[in-house]
Amino acid sequence: MDWIIADKPVEYETAIAAMEARVAGIIDRTMDEAVWLLEHPPLYTAGTSANPADLIDPYRFAVFPSKRGGQYTYHGPGQRVAYAMLDLNRRGRDVRCYVRQLEDWIIATLAEFTIRGETRNGRVGVWVVRPDRPANPDGTPNEAKIAAIGVRLRKWVAFHGISINVEPDLEHFNAIVPCGIHEHGVTSLVDLGLPVQMSDVDNALRRNFDLVFGPQPR
């Protein structure tokens with residue numbers, strides 16, 4: 001398993017090309033699985049289920065079509081993207097199980113910072129309850145999304161992955177309907193009052209990876 005940490009923002013098209021090359025190597029067994037931790041410059045991606053009406057301001061930042069699952073997503077500085085390139089041929093060919101593992105990985109990572117991340121039926125990603133905010137009109141608690149998930153498979157090798165909001169500019173999410181969800185907002189670790197550094201999140205992601213996914217299969 002290779003762990004790669006980018007020391008400066010990576011252009012989206014550069015990242016896609018690098019992932020494609022790694023996936024090809026994993027498929028032909030010439031390269032190991034990898035987790036690539038990076039940030040992108042400010043941009044939006046449109047997954048395979050993106051609704052054009054959810055792109056509120058198409059001129060704010062560059063918009064990149066993406067073949068991952070999901071809808072519109074923002075990426076930018078202060079957000080940790082973890083691209084996981086894993087061979088599900090050796091980890092079990094179960095996409096739903098893999099998505100649950102990604103959710104569990106995020107939740108375990110957030111727990112190290114005393115944040116309780118939760119999943120919701122019909123909403124991909126990880127959410128936090130905001131008791132410091134007014135309740136919704138129907139009386140349900142205010143919630144905000146703190147992490148997103150988007151996955152693509154090729155010959156049962158998974159790529160793309162997750163993003164966790166550490167300290168992005170949350171106003172940048174206003175040009176889209178994030179993941180097609182109108183009713184809830186977005187948040188970050190710093191927005192929740194935790195002065196967390198990116199390196200802290202990286203260390204937590206690495207510590208919790210094997211706990212969720214296990215070691216690399218042989």
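T114 is placed in the loop between α2 and β7, where helices (H or I, at least four residues) and strands (E, at least two) are DSSP runs numbered from the N terminus. The model is predicted, so that local features need pLDDT of at least 70 and side-chain atom pairs count only at pLDDT 80 or more, while totals for chains, interfaces and linings use all residues. Residues are numbered from 1 along each chain as its sequence is written, and side-chain values use heavy atoms, with hydrogens and water left out.

T114 is not a glycine, yet has a positive phi of about 65°. The relative accessible area of T114 is 68%, and the residue is exposed. Accessibility classes are set by relative accessible area, with buried under 20%, exposed over 50% and partly exposed in between (1.4 Å probe, protein chains only). R29 likewise has a positive phi of about 65° without being a glycine. This residue, R29, is found in the loop between α1 and β2 (34-38), and with a relative accessible area of 56% R29 is exposed.

Helix packing was examined for α2 and α3. Two packed helices are described by the angle between their axes and the distance between the axes. Helix α2 (residues 95-111) packs with helix α3 (residues 198-213) at an angle of about 135°, and the axes are 8 Å apart. Axes are lines fitted to C-alpha atoms, for helices over the stretch in contact, and angles run from 0 to 180 degrees between N-to-C directions. The two helices, α2 and α3, are therefore oblique to each other; angles under 35 degrees count as roughly parallel, over 145 as roughly antiparallel, 65 to 115 as roughly perpendicular and the rest as oblique. The crossing of α2 past α3 is right-handed, a term applied if the near helix is turned clockwise from the far one by less than a right angle, with left-handed used if anticlockwise.

On the α2 side, the residues that meet α3 are Y98, Q101, L102, D104, W105, A108 and T109, and their counterparts in α3 are V201, A204, L205, N208, F209, V212 and F213. Contact means heavy atoms within 4.5 Å. Sorted by class, the contact of α2 with α3 comprises 10 nonpolar, three polar and one charged residues. Ala, Val, Leu, Ile, Met, Phe, Trp, Tyr, Cys and Pro count as nonpolar, Asp, Glu, Lys and Arg as charged, and the others, Gly among them, as polar.

Charged pairs were then considered. Side chains of opposite charge can pair when their charged atoms come close. A salt bridge is a side-chain nitrogen of Lys or Arg within 4 Å of a carboxyl oxygen of Asp or Glu, and by this rule the count comes to 15 salt bridges. In one of these, E20 pairs with R154, and the closest N and O atoms are 2.5 Å apart. This pair links distant parts of the chain, with E20 in helix α1 (residues 12-27) and R154 in strand β9 (residues 143-154), 134 residues apart. E20 is partly exposed at a relative accessible area of 24%, and R154 is partly exposed at 26%.

A salt bridge also joins R90 and D87, whose closest N and O atoms are 3.1 Å apart. R90 counts as partly exposed at 25% relative accessibility, whereas D87 is buried, with a relative accessible area of 2%. The side chains of E143 and R120 form a salt bridge at 2.7 Å, N to O. E143 lies in strand β9 and R120 in strand β7 (residues 118-120), so the pair ties together parts that are 23 residues apart in sequence. E143 counts as buried at 9% relative accessibility, and R120 as partly exposed at 24%. Through salt bridges that share partners, R116, E118, R120, R123 and E143 are joined into one network.

L88 is placed in the loop between β6 (79-87) and α2, and counts as buried at 2% relative accessibility. With neighbours within four places in sequence left aside, L88 contacts R93, Y98, L153, W156, V157 and A158. K67 lies in the loop between β4 (63-65) and β5 (72-75) and counts as exposed at 59% relative accessibility. Under the same exclusion of neighbours within four places in sequence, K67 is in contact with T48 and R152. The C-alpha atoms of L88 and K67 are separated by 18 Å, the two residues being 21 residues apart along the chain. K67 and H160 are 93 residues apart in sequence, and their C-alpha atoms are 9.5 Å apart in space.
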